[in-house]
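Here is a quick tour of a two-chain model, one chain at a time and then the contact between them. Have the viewer open as you read.

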Amino acid sequence: MLFTTFTLAVRSIRRHLLRSFLTILGIVIGVAAVVTMVTLGQATTAAVQQQIASLGTNILQVRPGQGFGRGGGGPRPPDFEQADVDAVREQIGGVTAVAPQAQSTATAIYNGANWSTTINGTTNAYFQVQPWNLTGGRTFSRAEEEAGKAVCIIGNTVRTNLFRDTDAIGKRMRVNNISCDVIGTLETRGQAGFGGDQDDIVIMPIKTVQRRLTGNRDIRLMLVGIDADYDSAQVQDQLSTLLRERRRIEPGAEDNFNIFDTAQISATLTGTTTLLTSIVTAVAAISLVVGGIGIMNIMLVSVTERTREIGIRLAIGAVAREVLLQFLVEAIVLSMLGGLVGLVIGQIAIALLAPVMQVPWIFVPQINLIAFAISAVIGVVFGFFPARRAAALNPIDALRHE
Amino acid sequence: MAGAGSVAPEPIIRLRGVTKTYGDGPTAFQALKGVDLDIARGDFVAVMGPSGSGKSTTMNILGCLDVPTGGEFLFKDVHVETLDRDQRALLRRKYLGFVFQGFNLLSRTSALENVELPLLYRGDDKKVRRERGMAALEKVGLDKWWDHTPAELSGGQQQRVAIARAIVTAPDVLLADEPTGNLDSERSVEIMKLLTDLNRNSGITVLMVTHEPDMAAFAHTVVHFKDGLVERIDQNHRQGEAV
């Protein structure tokens, strides 16, 4: 009987293609929206997490000043000194390495090509606290770090712009007026989370940058690597206490430096994207329910419109259950068809939108299954009422219906 | 089975004191006031009478589409008045065929699919449906038109498809409600010849409501209704002379 009903339902859908299409439109849009939103949301979360992971997850970024900006008036808080770096490394338990940073911008020139880029002065600790491997060459030697030699490790953007396809290692390029040897090349890191190309960089020993580019001994940023076995909050507390002491901040006065925990940002940003995904998904889910109501409306109209047909079926000997089942199966087949079309459209939308939103293309099987299952359930729920109405018709009245 | 003038005496249908009342209280309307009627197996019965005489109500009851308010309706010795909706549906499916004035074919559906419909409900597989459906269409002379939809067929052809649909299950009784009401006289005669042929050669008992004495002339028995009662029953011994 089920197969018979299925045959009847498919015949009826095929006979009224336009009406069937209009019926499922709401489901198509709803399923496509849910699948697209959830998938893109998860892709965004993944992208954010990946970008944060590329910064290193167990790193504290320590900067002078309060919060993100250098907010408020008053004198600019002093930068860090080398002694601060040494103190943090030696006096706080759980610190694996401390990479000081001094930054400048400069024009790099090689063989007639020139490229304006960021110069980052640091030490080998920079490569210890965060995951960033070399594709070739080596890091600084102790002698180069201590003497402030003109050697540099270049990011991929700088490499391609200056050296094209040739091997950069061992070549000598110019950075402003410094002539400097390329000793290493970095692997590609991609876009930073909030704009900016992380590969557009030249890394030199901090002493070289301080002496020959910035002209002072200031350190603008410390990257503090933390042993995974230690509690980062505790390390942060100790770090804060130490720095307050060294910078002679009165008790009760506010810090004139800030500590930025990447793990914490990661959690916050992930939480935010997840929340946004949930909200957008909820809106999409509402459209799915509206789609279900659309099915119910058209099925109800269809029952009225097909009263005579139902009368014929009943007169011929269809029992009420068969008529009910036919309309129910019709609604389910329609909404599942809508679900299927919605999934396909959703996948197309994801493939088109992912590159625009700069998130990776991913396929989430669960949401596709769930959305499809929901479309089937909608067919049952919203198809039942019209089907029951059809089955309850009196054959004599139904046959007389004009 | 039953030729002209030699109707088997065994009644397939018995109505005993059948009443039908629509509504209740002071607005109640009694459509049937105690109908007694026997219909013999293999008979060709025309039911006549003015509007409101109760003939349509009787036909609905005989077609198991409606139940009497009172009295007994025996169909093949089964008390139909005691059956529920679904049981009556199964009875219709198995033993009855319907032909309507307005043809009542499914639109946008081929002649063959229309004819196959009752077999689908009976649960026959595709091959059986095809064979029987084509055989029924052949009987009404439309096997070459099997893939045409009702919109592509003339009125007479549509009615013949409807007759094929009614006989595809080899029913005992064919109920025709003014089958020629929407057709011109030439097509009407064709339909009546077809019904006569089915009655004589396939042994199907035919019950037909009609207004037209010309059409009633094809029947063997003519039942006249008046005011919710059977007024008189004529035996037409010259049945088929019109053929």
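## Chain A: two domains

Chain A splits into domain 1 (2-51 + 267-400) and domain 2 (78-255), with bounds that come from an automatic or database domain assignment. The C-alpha centres of domain 1 and domain 2 of chain A sit 55 Å apart. A word on ground rules: this is a predicted model, where local features need pLDDT of at least 70 and side-chain atom pairs count only at pLDDT 80 or more, while totals for chains, interfaces and linings use all residues. Residues are numbered from 1 along each chain as its sequence is written, and chains are lettered from A and ligands numbered from 1 in the order in which they are written.

In secondary structure, chain A has 13 helices and 10 strands; these are DSSP runs numbered from the N terminus, with helices being H or I of at least four residues and strands being E of at least two. Along its principal axes, the C-alpha trace of chain A spans about 105 × 55 × 40 Å. Its radius of gyration is 33 Å, whereas a compact globule of 402 residues would come out near 21 Å (taken over C-alpha atoms; the globule rule is 2.2 Å times the number of residues to the power 0.38).

Of the 402 residues in chain A, 41% are buried, that is, they have 20 or more other C-beta atoms within 10 Å of their own, with C-beta atoms placed from the backbone. Among chain A contacts with a separation of 6 or more, 83% involve residues 24 or more positions apart; a contact means C-beta atoms, placed from the backbone, within 7 Å.

## Annotated stretches of chain A

An unreviewed UniProt entry marks "transmembrane region" at residues 21-41, 275-302, 323-356 and 362-385 of chain A. UniProt positions are in the numbering used here, feature names are shortened, and annotations may be inferred rather than shown by experiment. In the model, residues 275-302 of chain A are 100% helix and 0% strand, with end C-alpha atoms 40 Å apart. Residues 323-356 of chain A are also 100% helix and 0% strand, and there the end C-alpha atoms are 49 Å apart.

The unreviewed entry also has "domain: ABC3 transporter permease C-terminal" over residues 283-395 of chain A. That stretch of chain A is 87% helix and 0% strand, and its end C-alpha atoms are 43 Å apart.

## Chain B and its helix α5

Chain B has seven helices and 10 strands, and its C-alpha atoms fill a box of roughly 50 × 40 × 35 Å along the principal axes. Its radius of gyration is 18 Å, which agrees with the value near 18 Å for a compact globule of 243 residues. Buried residues make up 48% of those 243.

Take a look at α5 (residues 155-167) of chain B: its 13 residues reach 19 Å from first C-alpha to last, close to the expected 18 Å (1.5 Å times one less than the number of residues). Because 12 of the 13 residues are buried, α5(B) is largely enclosed by the rest of the structure. Among the buried ones are R160(B) and R165(B). The buried residues of α5(B) pack against β6 (96-99), α3 (111-122), α4 (126-139), β7 (173-177) and α6 (185-201) of chain B.

## Where the chains meet

Here, 19 residues of chain A contact 20 residues of chain B. On the chain A side, the elements giving two or more residues are α1 (2-15), α10 (307-316), α11 (320-356) and α13 (395-400). Which of them gives the most? That's α10(A), with six residues.

The chain A side is made up of 12 nonpolar, three polar and four charged residues. Here Ala, Val, Leu, Ile, Met, Phe, Trp, Tyr, Cys and Pro count as nonpolar, Asp, Glu, Lys and Arg as charged, and the others, Gly among them, as polar.

Note on methods: Two residues are in contact if their C-beta atoms, placed from the backbone, lie within 7 Å.
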